[in-house]
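Hello,

Here is the structure I promised to pass on. Please have a look at it first, and then read my notes below.

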Amino acid sequence: MFVPMQHNMDMLKLGLFLDSNIINNLSERSNIAPIGFWAQECNPEIKENVLQQYKIDEELINSSDAVLINTTNNNLKLELTTKSIKKGVRPILNNPVGLSHSSLSQIQQLALEIGIPINFCQLGYDLHDIDTPFQEPFIAHLKRNIETHPMSEAAFYEILYHDLATALKITTLDVRKVRAYSLPQCSLSPSALFVMIDFNNSSVITYTLQTQTLQNSIDIQISCGTLHKSYVVPNASASLSLELEKCIEGIVTHTKKRNSIELALVTARLAETILSKISQ
């Protein structure tokens, strides 16, 4: 059972599965009580006696109310998430990047069967000051600028995934058609990309990515009825520790999930569709 944090209550016991050190960056003012960490290889950056290191992953899962899974090893990410759900422990993933639509569907089905919610810390940019998702027709434009090229395929996919998740927070409508064009052609790490996403109610989202620009940023413009909003978002992602605090706060206060498995599923399907189109 998850309860709001008060001074006379226990914090949420959080286990950490790490590729890198975030332990010392977790704010002590939050509802988080890190109890230990597990890693395939010992991380020399983690200070001795900060937390207990568990030698077996199941032992850490069994000791936790929730676990943060922060790894770039996609097979390990899937394995740890599955183990946590089966143990009745809530998994919080740093992000779903690297998990296919098929893998996410399997995780969702297992979580629904056992009754364990899944959350993601970093899944798209939050549009805080407007009431989304829109139900009426809208037009949205997202433009991503990146200084560096060439990018690795993994880096390109992570950026694409983040930006698509941001776009999909605007709407819950079904996608009708997706068009994608890239330069160079047949590349999974293009220097330029244009995507148009049509929805069944005549709404549309366009997305462009361009490298070798003067700054790293994402520009967002949204028009819906009389609403016209513009955002300029720095390319740098918010710190994992800050996003984790927001995620934990939502868990203990029973507020609406910010970054859900449903959003991850739709994003993964759309990303896979775009990659299949530009690689042909």
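To begin with, in which strand is the place of Ala33? Ala33 belongs to strand E2, which covers residues 32-38. Please keep in mind that this is a predicted model.

Take Leu14: in sequence, 19 residues separate Ala33 and Leu14, yet their C-alpha atoms are 5.8 Å apart in space.

Next, go to Thr206, which sits in strand E10 (residues 204-211). Is Thr206 buried or exposed? Thr206 counts as buried because its relative accessibility is 11%, and the cut-off for buried is under 20%. The side chain of Thr206 makes a polar contact of 2.6 Å with the side chain of His141. Beyond four places in sequence, Thr206 touches Ala140, His141 and Leu142, and also Phe194, Val195 and Met196.

Now for the nonpolar cores. The largest one has 65 residues, and Leu104, Tyr161, Ile222 and Ile274 have the most contacts inside it. Helix H6, residues 261-278, contributes the most to this core, with 10 residues. In soluble globular proteins, nonpolar side chains tend to be buried together.

Enjoy looking around!

Best wishes

Methods
Residues numbered from 1 in each chain as written. Predicted model: local features only at pLDDT ≥ 70, side-chain atom pairs only at ≥ 80, totals over all residues. Heavy atoms only, no water. Core = buried A, V, L, I, M, F, W, Y, C linked by side-chain atoms within 4.5 Å. Buried < 20%, exposed > 50% of the residue type's maximum accessible area, 1.4 Å probe, protein only. Helix = DSSP H or I, 4+ residues; strand = E, 2+ residues; numbered from the N terminus. Polar contact = N/O pair within 3.5 Å; in protein donor to acceptor, adjacent residues only side chain to side chain. Contact = heavy atoms within 4.5 Å.
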